[in-house]
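These are my notebook entries on a protein structure. I set down what I looked up, one topic at a time.

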Amino acid sequence: MVTVRAARTRRPPGHRGPRRATPWRTAGRPGRRPPGGRARRVRRWAAAAAAALLLTAGACGGGDEEQGGPSGEEETTARSPFTGRTAQQQPVLAVKLDNARVARPHTGLAAADLVYVEQVEGGLSRLMAVYSSRLPDRAGPVRSARESDLELLRQFGEPALAYSGVRSALRDDLRSAPLVRVPPAEAGDAYVRSGAAAPHNLYVRPEAALSAAPGASEPRDIGFRFGPAPDGGSPEDRRTVRYPSARFAFSWSGEEDRWLVTMDGSPARTTDGTRLGAPTVVVQEVTMRPSRFRDTTGAVTPYIESVGSGEATVLRNGRAYDVTWERPSAADGTVFTRQNGERMPFARGPVWIVYAER
């Protein structure tokens, strides 16, 4: 067992530009298109037609022989740049999820294309689930956003973000960030409460959330490539990542061809009993510095620096590959490179990215 320590921008009324520089802000962002769903429906019809043609031609068949990065209009509509699988792509919806013990099991998490694991105040963890290929009926429990989420999400263009709240000092930054906000206060019909006591009982309905976010970005290349497992790597059947007050373990299942997730010592499942897992897990070593925010107990919120470069381990096919990662700016995706200088291919399917303190 190896252990690792733990664009289109909508400007609000009266907005006169950013008050200070932050990593995710960029100049010269074009304005949003007017609200309305017709353009999105046309794109979906076109995507479905393109996917059908490619399936007929056999271009969408096969396993990992093709690289998964989008190379043009047809490739973008036929294969997800997040999973490398053929899918009918929806606009990008990111959902900030509670991950306290009392908040588990999660709802709808197995449908996510991407799951980011983040350390928060007190050494606990929260999740950021990114949906596009599949939209569950519900996802949650939904919790509040953090400052470093703005930098993380910038690579998706202008995604929709479902979250339950934010510190008052961060509200202006969130309003001016290049994303479409869909909290309960602005999209109340997209949320329901059920199950546990508040605040662990808030759930979002992704279809309704996207209906309230007509300007949300379509999926785009965020740096991932998909293909056969390369030579090299080290045999490994378990990897553990520890935060001060949380623990994640990933165990390789040859029978299921994926890494099964364990959280704080318990197998991670969804409310319908589905075991959580992914064919590719990335343990990305990043700088976690104190942010300017604290929670109600005075604990400092970590700021996760997802822009920059460093070391990472890619887990796939029962092997661990040492790679480097690089993300030049917040608007860029993250490139993972092997020691021989070639891009590291992921297995097709959902990807979990775990931020570990370097």
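I looked up Glu305 and found this residue partly exposed, with a relative accessible area of 24%. I note the cut-offs: buried means under 20% relative accessible area, exposed over 50%, and partly exposed in between, with a 1.4 Å probe and protein chains only. The model is predicted, so I record that local features need pLDDT of at least 70, that side-chain atom pairs count only at pLDDT 80 or more, and that totals for chains, interfaces and linings use all residues. Residues are numbered from 1 along each chain as its sequence is written, and side-chain values use heavy atoms, with hydrogens and water left out.

I placed Glu305 in strand 17, which covers residues 300-305. Strands (E, at least two residues) and helices (H or I, at least four) are DSSP runs numbered from the N terminus.

Which residues does Glu305 contact, leaving aside its neighbours within four places in sequence? I listed Glu151, Val286, Thr287, Arg289 and Trp325; contact means heavy atoms within 4.5 Å. For Val286, 19 residues apart from Glu305 along the chain, I noted a C-alpha separation of 6.1 Å.

Arg238 is partly exposed, and its relative accessible area is 31%.

Finally, I looked up the whole chain. I recorded five helices and 22 strands for the protein chain. Of its 358 residues, 55% count as buried.
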